Amino acid sequence: MRPTYNPPVAWTVTTLRLIGALVAGIMAAFGYPPYEWTSLAWLGLVGFVWLVATAGTRPVALWCGYLFGLAYFAVILSWLIEVELIAYYPLAMVQALAFLIVAGGIFRYRDAAPWVFIVATAGAAALAEFLRVRWPFGGFPWGSIGVMAGATPLRPSAQWFGATGWGVLLAAVAAVSVLVIRRRCSWRVLAAASGAVVLLGLAGNVWPAIPEGETRSVTIVQGNSPCPGTRCPGERRLIYESHLALTSMLEPGPDLVVWPESSTGGSADPLRDPSVAEAIGAEAVRLDATLLVGGDLDAGPDHFENINVVFGPSGAVVGSYRKRHPVPFGEYVPLRPLFEIVPALDRVPRDMIRGREQVLFDLDGVRFGSVISYEGAYARYEREAVRAGAAFLVLATNEASFGRTPASDQLIAISRMRAAELGVDLVHAAVTGKSAFVYADGRVEGLTGLFETTTADGAPAARTAGPTLYVRWGDWLQVGAMLGYLGLRAAGRFRREEPT
């Protein structure tokens with residue numbers, strides 16, 4: 001029987017519950033960099049499920065879900081304050097809506113059979129995440145709960161079901177924990193569930209997805225910006241000159257030299273300015289290396305392209321990759337006439353032209369693929385490159401707009417999970433830092449500092465074994481959990497009765 005309260009007491013209890021949801025969201029966010037306090041984050045997740053499951057009414061449960069999500073994203077996305085408050089508040093508020101789906105599922109099945117409650121909790125979380133990374137405007141993958149597992153020894157198991165699968169498992173174990181707290185199942189069930197997750201993590205370490213093929217010597221050139229985030233006159237030209245100067249100081253030896261996103265462009269366009277192409281090509285010849293350079297290239301008064309241009313050891317351009325997933329309100333403005341009233345969007349006067357396909361490049365018999373910045377947060381783009389035959393990956397990013405915030409650390413944490421999922425090494429190159437070599441075994445080496453003008457050397461290995469299960473089947477565990485939850489909802493509607 002649920003306790004009943006007189007109105008003043010009920011109001012106080014509800015207020016404390018809503019405050020608890022905010023606190024739980026903050027705790028969960030501490031699982032992300034710069035903190036990566038995964039134990040505290042876990043307690044936040046359990047607290048969230050308990051607060052929703054024991055809410056007195058559905059509106060209170062939904063408010064708990066929304067406030068949890070709002071606090072969670074407000075902490076994780078705090079780096080957006082460096083850009084514009086108008087970017088920070090709406091995004092956090094919209095992303096928090098996903099937790100209404102989670103809260104709705106938890107509350108609806110709070111008194112159902114234990115196994116139904118577990119399926120509903122994990123499945124509702126899977127559905128919310130599935131929708132959140134796809135809609136609106138192509139979705140927003142930042143903040144995935146499963147990425148937190150990348151900071152733990154459980155990470156190698158992502159090769160089988162990805163970060164999305166870890167999100168499902170964490171939600172399921174949180175549901176079991178709440179059942180134990182509510183005395184609806186034995187602590188032995190929790191011990192068994194936790195033990196199964198630990199064994200799964202151990203199995204990933206016993207049979208890790210680590211590339212064991214030939215290595216290639218790679219140098220990241222982090223040329224920095226003279227005025228990061230402020231867009232000073234001639235900035236792009238100065239960034240290009242800084243990268244060229246650093247490259248000219250390299251000794252022959254690397255097989256591949258990587259310049260990050262936006263290291264060329266503007267008045268330093270490698271595809272339209274012969275002098276720029278000649279200078280970069282001359283360095284490729286001198287080093288007898290392949291050079292990958294990023295650039296925001298002009299495509300008319302209303303458009304531009306975000307592109308990786310690859311120069312071969314001969315000095316000639318041998319290929320290019322065009323970014324396929326632009327940042328909404330950053331690289332294009334969806335429904336532009338509708339948002340013309342927002343002054344901050346004057347900083348996005350042109351829309352990016354999307355690339356159409358993944359492109360692989362050859363490095364003396366080893367093929368690699370590239371993605372650009374925001375694309376790296378989406379597993380599907382890097383997974384597609386590996387499915388096409390990429391033996392390792394290059395992520396070229398900028399991040400100069402985010403100042404000394406955790407944005408760069410968070411993207412590296414996402415890359416760490418990508419490497420574990422796909423079983424490939426990843427070259428993570430940024431203009432202003434942090435750059436690093438992220439290896440499939442979890443090592444992050446050659447880490448540079450923010451706003452440091454420097455280079456970093458690494459040796460990614462080629463993956464020669466077959467694709468991981470995640471590369472083959474993708475988000476199968478997430479989709480299965482989501483379908484299980486939707487099946488519960490459909491069955492309940494068919495029977496025209498509430499679960500008991």
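# Notebook: helix packing, cavities and backbone

**Entry 1, α6 and α14.** I began with α6 and helix α14 (residues 476–495), whose axes come within 7 Å and cross at roughly 120°. The axes are lines fitted to C-alpha atoms, for helices over the stretch in contact, and angles run from 0 to 180 degrees between N-to-C directions. Helices (H or I, at least four residues) and strands (E, at least two) are DSSP runs, numbered from the N terminus. The model is predicted, so I kept in mind that local features need pLDDT of at least 70 and side-chain atom pairs pLDDT 80 or more, while totals for chains, interfaces and linings use all residues. Residues are numbered from 1 along each chain as its sequence is written, and side-chain values use heavy atoms, with hydrogens and water left out.

I noted the crossing of α6 and α14 as left-handed; that term applies if the near helix is turned anticlockwise from the far one by less than a right angle, and right-handed if clockwise. On the α6 side I listed Val116, Val119, Ala120, Ala122, Gly123, Ala124, Ala126, Leu127, Glu129 and Phe130. On the α14 side the contact has Gln478, Ala481, Met482, Gly484, Tyr485, Leu486 and Leu488. Contact means heavy atoms within 4.5 Å. By class, this contact has 13 nonpolar residues, three polar and one charged. Ala, Val, Leu, Ile, Met, Phe, Trp, Tyr, Cys and Pro count as nonpolar, Asp, Glu, Lys and Arg as charged, and the others, Gly among them, as polar.

I next looked up α2 and α7, whose axes come within 9 Å and cross at roughly 60°. That angle makes α2 oblique to α7; angles under 35 degrees count as roughly parallel, over 145 as roughly antiparallel, 65 to 115 as roughly perpendicular and the rest as oblique. The crossing of α2 and α7 is right-handed. From α2, the residues Trp42, Val46, Val49, Trp50 and Ala53 meet Leu170, Val173, Ala174, Ala175, Ser177, Val178 and Ile181 of α7. I recorded eleven nonpolar residues in this contact, one polar and no charged.

For α2 and α5 I found axes 8 Å apart and a packing angle of about 60°. These two helices are therefore oblique to each other, and α2 passes α5 in a right-handed crossing. Phe48, Val49, Val52 and Ala53 of α2 meet Phe99, Val102, Ala103, Ile106 and Phe107 of α5. The contact of α2 with α5 holds nine nonpolar residues, no polar and no charged.

On a 1 Å grid over the protein atoms alone, a cavity is a set of points where a 1.4 Å probe fits but cannot get out, and lining residues have an atom within 4 Å of a point. Grid points are joined across faces, edges and corners, and a volume is the space filled by probe spheres set on the points.

The largest cavity has a volume of about 320 Å³. Its lining has 28 residues, and Phe99, Ala125, Ile145, Gly167 and Ala171 lie nearest the centre. Two or more lining residues come from each of α2 (38–53), α3 (58–76), α5 (98–108), α6 (114–132) and α7 (158–181). I sorted the lining of the largest cavity into 19 nonpolar, seven polar and two charged residues.

The second largest cavity holds about 40 Å³. Among its lining residues are Glu399, Phe402, Thr432, Gly433 and Phe451. Its lining divides into four nonpolar, five polar and one charged.

Most residues other than glycine have a negative phi, and most peptide bonds are trans. I looked for exceptions. The bond from tryptophan 135 to proline 136 is cis, with omega near -10°, and proline 136 is in the loop between α6 and α7. The bond from glycine 433 to lysine 434 is also cis, with omega near 5°. Lysine 434 lies in the loop between β11 (426–430) and β12 (436–438). Serine 373, not a glycine, has a positive phi of about 50°. I placed serine 373 in the loop between β9 (366–372) and α11 (379–387).

Notes
1 Å grid on protein atoms, 1.4 Å probe; cavity = no way out; pocket = protein on both sides within 12 Å on 5 of 7 lines; lining within 4 Å.
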